[in-house]
Amino acid sequence: MNAHIGQFRLFLYMAGTATACTAAVLFLCGKLLQPGLELYVPQAAGFLLGGIYSFMAILIVLYVLLWFCTYADTFKGRRFQFVLRAYLRALFPVVKLQGQMLGKREALCQAYIQFLNHLFLRRHLRYPPERILLLAPHCLQWDQCPHKITRNIANCHQCGHCPIGAIVDMTRQLGMPFAVATGGTLARQIVKDIRPKAVVAIACERDLVSGMQDIAPMPVLGLLNERPNGPCFNTSVDLTALQKVLQLIIGD
Ligand code: SF4
């Protein structure tokens with residue numbers, strides 16, 4: 001996890017570029033629309049232009065606040081975090097588009113996940129293990145395993161063929177809930193049923209980005225899976241990194 005911490009700065013810089021580009025487009029739109037609005041709807045022109053420029057100013061202010069949240073122990077309130085997450089969620093497609101243009105889409109997704117992790121860790125939140133849900137993807141399970149673990153994780157016989165057995169052991173020792181989901185819909189349903197205070201999620205870049213955004217403002221820490229056999233097939237996870245992440249959030 002620590003190896004990735006520095007990556008979040010990449011997201012911060014790209015978010016700055018995305019904010020600047022969006023603000024510039026809004027400014028240009030305002031300037032282009034101004035003559036027409038003043039000619040055809042003079043009564044509403046001031047209001048409409050004010051709206052465009054205010055939105056532009058709000059984007060810039062939110063980006064400045066993002067820097068404060070990144071480096072200072074301020075603005076930890078739940079409502080502010082909600083606004084911040086909404087801003088990040090709206091901004092991320094623009095950041096991702098930049099990543100695609102630069103051929104760094106995956107690196108940017110990783111940087112975004114690390115950035116969200118960083119925002120979480122800055123808040124120094126700690127929870128009892130029984131209120132933290134560990135969610136893992138189905139592809140961590142050995143593809144030849146005959147046991148159905150998505151309905152009940154206790155069906156795992158801990159045979160050692162895949163990391164699920166070790167994770168079952170780890171979570172049992174800590175006394176925390178652990179579930180395996182086949183997709184985003186089931187993952188959301190599990191979160192709804194268990195109602196944890198925080199979630200630690202293991203997944204690939206795409207699923208983590210959408211999952212972390214969906215669950216917000218609930219605190220989520222994301223851990224990328226390893227894919228030595230290609231995507232979605234007999235994947236793995238760094239168990240030492242997982243242990244560290246759990247220790248960080250339990251605070252023991
Ligand atoms: S560790 Fe559990 S889930 Fe993995 S192959 Fe063995 S029984 Fe199946």
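This is a predicted model: local features need pLDDT of at least 70, side-chain atom pairs count only at pLDDT 80 or more; totals for chains, interfaces and linings use all residues.
The chain is divided into domain 1, spanning residues 2-122, and domain 2, spanning residues 129-250. The centres of domain 1 and domain 2, taken over C-alpha atoms, are separated by 30 Å, and contact between them involves 15 residues of domain 1 and 15 residues of domain 2.

Helix α2 (residues 8-40) packs against helix α4 (residues 78-102), their axes coming within 9 Å and crossing at roughly 100°. Because crossing angles of 65 to 115 degrees count as roughly perpendicular, α2 and α4 are described as roughly perpendicular to each other. On the α2 side the contact is made by F11, M14, A15, T17, A18, T19, C21 and T22, and on the α4 side by Y87, L88, L91, F92, V94, V95, Q98, G99 and L102. Classified by residue type, the contact of α2 with α4 comprises 12 nonpolar and 5 polar residues, with no charged residues.

Helix α2 also meets helix α5 (residues 105-122), where the axes come within 7 Å and again cross at roughly 100°, so that α2 and α5 are likewise roughly perpendicular to each other. Here F8, L10, F11, L12 and M14 of α2 are in contact with a set from α5 consisting of A107, L108, A111, Y112, Q114, F115 and H118. The contact of α2 with α5 has 10 nonpolar and 2 polar residues, and charged residues are absent from it.

The largest nonpolar core has 47 residues, and those with the most contacts inside this core are F11, L66, Y87, L88, V95, F115 and L135. At least three residues of this core come from each of domain 1 and domain 2. A second, separate core of 29 residues includes A198, L221, L223 and I250. With residues up to four places away in sequence left out of the count, V95 touches F11, M14, A15 and A18, as well as L108.

In domain 2 (129-250), V180 lies in strand β2, which covers residues 178-181. V180 counts as buried because its relative accessibility is 1%, the limit for burial being under 20%. Leaving aside residues up to four places away in sequence, V180 touches A136, P137, H138, I149, T150, I153, I164, L186 and I190. V180 and G251 are 71 residues apart in sequence, and their C-alpha atoms are 24 Å apart in space.

Technical notes: Residues are numbered from 1 along each chain as its sequence is written. Side-chain values use heavy atoms; hydrogens and water are left out. Axes are lines fitted to C-alpha atoms, for helices over the stretch in contact, and angles run from 0 to 180 degrees between N-to-C directions. Helices (H or I, at least four residues) and strands (E, at least two) are DSSP runs, numbered from the N terminus. Angles under 35 degrees count as roughly parallel, over 145 as roughly antiparallel, 65 to 115 as roughly perpendicular and the rest as oblique. Contact means heavy atoms within 4.5 Å. Ala, Val, Leu, Ile, Met, Phe, Trp, Tyr, Cys and Pro count as nonpolar, Asp, Glu, Lys and Arg as charged, and the others, Gly among them, as polar. A nonpolar core is a set of buried Ala, Val, Leu, Ile, Met, Phe, Trp, Tyr and Cys residues joined through side-chain atoms within 4.5 Å. Buried means under 20% relative accessible area, exposed over 50%, partly exposed in between (1.4 Å probe, protein chains only). Domain bounds come from an automatic or database domain assignment.
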